[in-house]
Amino acid sequence: MSQTNRKGIDMTENKKRLFNHWQSLNSSRFMDWVNRHRRLLLLVIDLLIYLLIVLTSVIFNARWGHYLSPIDYLSVNWLGYVSIGVFMFAGRMISRVYLNVWRYPNIRAYLVMLLSDVIGGTAAFALNRIAYHWLDGIKTRVCIHLGFWQTYCVIAMFCLITLGIRFVYQMICRQMNEVERQLMSDNASTDGNKINIVIVGAGQVGALLADELMVNPQSHYNPYCFVERDPAKVGGIISGLKVYSEEGIVEKIRSWPVQEIFLAMPKVTTEELNDLYDLYTQTGCKVKLYSLPTGEKAELYTPPSLRGM
C-alpha cells in the first residue's frame, strides 16, 4: 500500500473517530438535558459572562481610581452595573434573542442581538445619568451612574464575547457537519440504497432537513447540495453542502447522480410551488415537498391542477 493511500485511510479513520465522539456526546443524557433546557442554559452562560466582565471592570477601575480596593469600588458603583445588566438582558428578552436556534443563525439574528445590547445599554446610561443629577446633593455612598467609557466598555465586551461564543459554536457544528457529509458521501458510494437528493431552499428549514437526513442512521436519503435564490447564500457552504444558484440548475441536476428533489421552502405561495414543480420536473427527478418535522415524511408534491386525476 502506498504512503498516500495509507495517509488517506488514516485521515478517514480519524474523521470517523471524531464523528463517533461527537455522536456519542450528542446522544448522551447530558446533551439531552442541555437540549431540553437550551434557552435557560444560554441565559445562565450570558449572565456568568456579564458577571466576569463586571469583575474585570471593577478590578481595573479600582486600580486606576482613588479606591482602597475593588470591594470598596464595587460598594459604591454596584447599582450602576446592575442597572446596565438589567436593561441589556431585558432588551434581549424583548427582542427574543434566546428563542433563536444558534446552530443555524442568520445575519438578522446577530444584528438583533447587537442592537438590543446597544439600545438596552444606552437606555441604562441615559436613565442613570438622569437619576445621578436628580440625586445630586443627596448624601449617599451608592453611585447609580457610571462614566460614558466605563458603560460602553462593559456593553461592548459583553456583546463581543457572547457573540464570539455563538460564532465558535456555529463553527464547531459546521465542521462536524462537513465531516459527517464526507463520511456519508463515502458510505453512499458503497450503499446502493441511499438516494441522492437536492434540497431547494438553504434557509433554516433546509439546513434542519439536511442535518436530520445526515444524522439519522435509518435515513434513505443522502443530501447532495442546496439550491437557493438568495445571492448572498449562493456559492457558500451550509451544513457541509455547497449552495448552487437556480440559474441553469436543470442542466446541472441532469448531470448529477441525483434521483429526487426536496422543496424546503415553507413560506412560498401555491403559485410559486407550482412554478418550482414545473421547473424541477424537467430534470427527470421526483419532486417532493418538505413541510413536516422529519425529512423521512416528505410528501411527493402534486400541483393542485393535477390532484384527484
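This section describes strand pairing, surface patches and selected residues in a predicted model. Local features were taken at pLDDT of at least 70 and side-chain atom pairs only at pLDDT 80 or more, whereas totals for chains, interfaces and linings use all residues. Residues are numbered from 1 along each chain as its sequence is written, and side-chain values use heavy atoms, with hydrogens and water left out.

Helices (H or I, at least four residues) and strands (E, at least two) are DSSP runs numbered from the N terminus. Two strands are taken as paired if DSSP finds at least two bridges between them. Strand S2 (residues 221-228) runs parallel to strand S4 (residues 241-245), and 3 bridges join the two. Val227 stands opposite Tyr244 of S4. S4 also pairs with strand S3 (residues 237-238), here in the antiparallel sense and over 2 bridges. Ile238 has Leu241 in S4 as its bridge partner. The hairpin of S3 and S4 has 2 residues between the strands, and Ser239 in this hairpin takes a positive phi near 55°.

A positive phi, of about 60°, is also found at Arg96, which is not a glycine. Arg96 lies in the loop between helix H4 (70-94) and helix H5 (107-134). Relative accessible area was classed as buried (under 20%), exposed (over 50%) or partly exposed (in between), with a 1.4 Å probe and protein chains only. Arg96 counts as exposed because its relative accessibility is 55%. Leu42, in helix H3 (residues 38-64), has 15% relative accessibility and therefore counts as buried. Leu42 and Tyr98 are 56 residues apart in sequence, with a C-alpha to C-alpha distance of 7.4 Å.

Surface patches were built from residues with over 30% relative accessible area and no salt bridge, joining like charges within 9 Å and nonpolar side chains (Val, Leu, Ile, Met, Phe, Trp, Tyr) within 5 Å. A salt bridge is a side-chain nitrogen of Lys or Arg within 4 Å of a carboxyl oxygen of Asp or Glu. Accessible areas come from the Shrake-Rupley method with a 1.4 Å probe; for residues, only the protein chains shown count as cover. A nonpolar patch is formed by Leu74, Trp78, Val82, Val86, Phe87, Leu127 and Ile130, with about 610 Å² of accessible area together. H4 and H5 each supply at least two residues of this patch, and H4 gives the most, with 5 residues. Val86 is placed in H4.
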